[in-house]
Amino acid sequence: MAEQSCLVTNDWICGEYLRSRSQELADATVQHIGITVVSVLIGFAVAFPLALLARRGPRFAAPVLGLTTVLYTVPSLAMFSLLLPLFGLSAALVVTGLVLYSLTILVRNILAGLDAVPQEAKEAARGMGYGPGRLLWEVELPLALPAVMAGLRIATVSTVALTTVGSLVGKGGLGNLIEDALPSFFKAQVLTAAVLCVVLAVVADLLLLGLQRLLTPWTRISGAVEAAPAKTDAGPPAPATVKAG
């Protein structure tokens, strides 16, 4: 008796599905990556000036942080429904929703990084004639990069996950495959799309981690110095003496 195809038996792991649907998987993956990248970039471009505004004092920080936090708590279905009259069933609808969700993470991490810059470094820069703009771009922002990049990594990974919700309007990348497979419980498609989402999130996080290490080499140097064993000036041991019997 001939062995049945894994598509017929509806197995979770099916090589035949990967071979026969490779183009569909590639198209969904490319759409997923595109929506994620655009959303994170726009989110960062919006979050950075908001963080600078919030630094100006409590009267600006409270509304900025409050608004971004409220936006993050809105359920995705409600968010897309509210944006639907403005953007229709388009990729712009999904991107806008993802941008709004990323703001609370990015704004708070940018603020945390800038606030953590040592006061001594800022005072030294001012003493050398640095104005506010030059101080921000040449002193504060480079020292804040570890916290900023940490926020960017978190926002990117969460955006990879939230992009699947865009399948509600047919613009969810790999989420479209999951939604199409659920009514018939097409196991291979559900598992493959879910695994690809996880792989995308891990790869994106590793790439941003590598970029962070490339942009902040001083963090590795300081870590190596702290890990180095302390040297002592005790000198060589004194020669042993032999007592005459």
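Helices (H or I, at least four residues) and strands (E, at least two) are taken here as DSSP runs, numbered from the N terminus. The model is predicted, so local features need pLDDT of at least 70 and side-chain atom pairs count only at pLDDT 80 or more, while totals for chains, interfaces and linings use all residues. Residues are numbered from 1 along each chain as its sequence is written, and side-chain values use heavy atoms, without hydrogens and water.

An unreviewed UniProt entry places the feature "transmembrane region" at residues 33–53, 60–80, 86–107, 143–170 and 190–211; such annotations may be inferred rather than shown by experiment. Over residues 60–80 the model is 90% helix and 0% strand, with 28 Å between the end C-alpha atoms. Residues 33–53 are 100% helix and 0% strand, and their end C-alpha atoms lie 30 Å apart.

The largest pocket holds about 380 Å³ of space. A pocket is an open set of points on a 1 Å grid over the protein atoms alone, where a 1.4 Å probe fits, with protein on both sides within 12 Å along at least five of seven lines; lining residues have an atom within 4 Å of a point. Of the 16 residues that line the largest pocket, T36, V37, T156, A204 and L208 lie nearest its centre. Helix 3 (22–54), helix 8 (132–162) and helix 10 each give two or more residues to this lining, and helix 3 provides the largest share, 7 residues.

Helix 10 spans residues 187–215 and contains V199. At 41% relative accessibility, V199 counts as partly exposed, because that class lies between buried (under 20%) and exposed (over 50%), with a 1.4 Å probe and protein chains only.

Conventions
Grid points are joined across faces, edges and corners, and a volume is the space filled by probe spheres set on the points.
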